[in-house]
Amino acid sequence: MGNGFVVPAIVAVTLVTVGIGFYGLRLARTTSDFLVASRAISPTWNAAAIGGEYLSAASFLGVAGLILKYGVDVLWYPVGFAAGYLALLLFVAAPLRRSGAFTLPDFCELRLGSRRLRILATVFVIFIGWLYLVPQLQGAGLTLATVTGSPYPLGALLVAVVVTANVALGGMRAITFVQAFQYWLKLTALAVPAVFLALQWQADARPAVTPPDGPTFRTATTVVVEHRATLALADGRTVEVRPGDELPFAAGDPVPEVSGVATDAADWLLPSAAGDDDRGLFATYSLILATFLGTMGLPHVLVRFYTNPDGAAARRTTLVVLALVGAFYLLPTVYGVLGRIYTPQLLLSGQTDAVVVLLPGAALGDGTTGRLLAALVAAGAFAAFLSTSSGLLTSVAGVISTDVLGRGSVRGFRLATVIAGAVPAVLALHLAGLDVSQVVGLAFAVAASSFCPLLVLGIWWRGLTDLGAAAGILVGGGAAVGAVLVTVLGPPLSGWPATLTAQPAAWTVPLAFAVMVAVSVATRRRAPADVGATMLRLHAPEALRL
Amino acid sequence: MLAEVSRREDRAARTRAELAQQTRVGDALVRGLVRAQFALALRLSLVVAIGLGGLPWLFAVAPAVGRVTVLGVNLPWLLLGVASFPFLIAVGWAYVRLAERNEQDFTDLVQRPER
């Protein structure tokens, strides 16, 4: 691509991240400093840090890519990613902070007093954490490959190594500063180019997003195919293309239709209607359930709540996070929509996740402005990979060091970090072809079918028992895990089986709740004797000083 | 006057003890608080379930809604891409206010049980 600003921008973001990490390292002296950041972080910092940690590769790259590809139906991704914080606020935030639990396994032991349930929760935390880490590394590989032409594994491994080293050496105090900085960086990196893009669109006399004859190439373009696909050309012929094929197009040529992609204007512009596709509606509701309810079960989100001083502060912090995250999610839509005009070749090559990175260059040209903005976006994308992977890695490593290695020491935490970082790095090298947002969506589905019922019932219902919780997590969460494995590793499916495994939440979440309640009722004698005291602790306001 | 104040403080201390020791009175108080907070959370999630959750259904049964344009933009894009975020924040803001009021009521009840 020959943009001389991109590599320095990425290096700068990485160095600042590592630099703040080492600044934090000097402050982190004891183990407790290391893991919970001493609980001395102000709500504003904390909210920005939560936002910075949450806005991942899926949010920064994936959402815009999906909008470019599928249109209005996938707007539910950003809405759901934000609404997840509302569900967290309504049902979990304050009581969870008051419980004093630091991780999900802690909450299991605290509320239900069961070691075995704790182990089960640990397994799920690690699975969800890894499932969520893989797309971050994938996104890094994709971005670096797109903007510098480096091989895909380089970016993935680079982020894995930087993050693992930073978490192992700096712990969470450092991470809080890093995350808060990265929220603002990410917001700037999408907002500033978005303004320039909108102005450029005005200057180009507002080209139609969905012209009546379908999308056309604005400039002469050669598309290199990345994924096998079937194309329907303008003259009615269909062509099979394979990875590596080069397709030249002249300016003004119509973009051929790609099977499975909403090239047709109406499909893209309008929501899926009843009658023509019930599966579409099911998938939409499934996605809504997974994202609305999955956020509260993500391991790296929960840890942050412990850094609030009390329950009321946890609620207020969550509200600020909702506002910060909501503001951010206005932006990917702009990129997805303008991508239809300026980068239609991505629909052909299949690299729709790269739209955010490529759009500034494509729309604004090769001038200094275009190249600077492209570098800013690439830096923001790297901030997204670094911050989310740091948060996830901290949580997974924390769980591994306390629950698997059984050591609370700093050395144990460092060993756990290396283990926790190595596995997703290997996985990311082998799974290169999946949509970033879809893998993240699956992680949400697993979290929504396992930890969401555990948290909601554990906080609000006295009747929950350890056996009920375990059965619910095993059946509901297990079904979601099975669906993930079939989707990622299994044979290609079609029709209802494909929908039920690709978007499982609409059946696995109710299943998890039902099993948890039914088994708890059947084993009600096992309900902990001190549940009254626990409820008091979870819900009584701090003002009473009990 | 002084006697009344000290009697009130005695009562407040007793109620706090009842909470901490899980007597029937204390237990009933906590159950009341939990029920009030849960009902509040459910009510507001119902608002979201109808306000946002109704949209896919609406677009499906009345496709004409999707073709309505406001300022040149199709309505579903505006509702989902823009309007949903302030809506979520407004619901969250209402929840924080109401939940804090519930807790204030509970604190008042414990500290001034005669009311």
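Which residues touch the most other members of the largest nonpolar core? In this structure, which is a predicted model, the answer is L322(A) and A378(A), within a core of 211 residues. The greatest contribution to this core comes from helix α17 of chain A, residues 368–404, which supplies 19 residues.

Let me stay with A378(A) for a moment. Leaving aside residues up to four places away in sequence, A378(A) touches V6(A), A9(A) and I10(A), and also T143(A), V147(A) and V357(A).

I turn now to chain A as a whole. Chain A contains 23 helices and five strands. Of its 546 residues, 60% are buried. If we take the contacts in chain A between residues at least 6 apart in sequence, 82% of them join residues at least 24 apart.

Next, helix α8 of chain A, which covers residues 115–148. Is α8(A) largely enclosed by the rest of the structure, or largely exposed? It is largely enclosed, because 26 of its 34 residues are buried. Its length can also be checked against expectation. At 1.5 Å a residue, a helix of 34 residues should span 50 Å, and the end C-alpha atoms of α8(A) lie 49 Å apart, so the two values agree. Just after this helix comes G149(A), which adopts a positive phi of about 75°.

For helix α4 of chain A, residues 57–70, packed against α8(A), the angle is about 65° and the axes are 10 Å apart. The crossing of α4(A) and α8(A) is left-handed. On the α4(A) side, the contact is made by A57(A), A58(A) and L61(A), while α8(A) contributes P135(A), Q136(A) and G139(A). By class, this contact of α4(A) with α8(A) comprises four nonpolar and two polar residues, with no charged residue.

Why does Q503(A) count as buried? There are 26 other C-beta atoms within 10 Å of Q503(A), and the cut-off for a buried residue is 20 or more, so Q503(A) qualifies. Not counting residues up to four places away in sequence, Q503(A) touches A283(A), S286(A) and L287(A). Between Q503(A) and S450(A), the separation is 53 residues in sequence and 15 Å in space, C-alpha to C-alpha.

Chain B has 115 residues, of which 28% count as buried. It is built from five helices and two strands, and its elements follow the order α-α-α-α-β-β-α from the N terminus on. Among contacts in chain B between residues at least 6 apart in sequence, those joining residues at least 24 apart make up 63%.

Conventions: Residues are numbered from 1 along each chain as its sequence is written. Chains are lettered from A and ligands numbered from 1 in the order in which they are written. This is a predicted model: local features need pLDDT of at least 70, side-chain atom pairs count only at pLDDT 80 or more; totals for chains, interfaces and linings use all residues. A nonpolar core is a set of buried Ala, Val, Leu, Ile, Met, Phe, Trp, Tyr and Cys residues joined through C-beta atoms within 7 Å. A residue is buried if 20 or more other C-beta atoms lie within 10 Å of its own, exposed if 12 or fewer, and partly exposed in between; C-beta atoms are placed from the backbone. Helices (H or I, at least four residues) and strands (E, at least two) are DSSP runs, numbered from the N terminus. Two residues are in contact if their C-beta atoms, placed from the backbone, lie within 7 Å. The expected span of a helix is 1.5 Å times one less than its number of residues. Axes are lines fitted to C-alpha atoms, for helices over the stretch in contact, and angles run from 0 to 180 degrees between N-to-C directions. A crossing is left-handed if the near helix is turned anticlockwise from the far one by less than a right angle, and right-handed if clockwise. Ala, Val, Leu, Ile, Met, Phe, Trp, Tyr, Cys and Pro count as nonpolar, Asp, Glu, Lys and Arg as charged, and the others, Gly among them, as polar.
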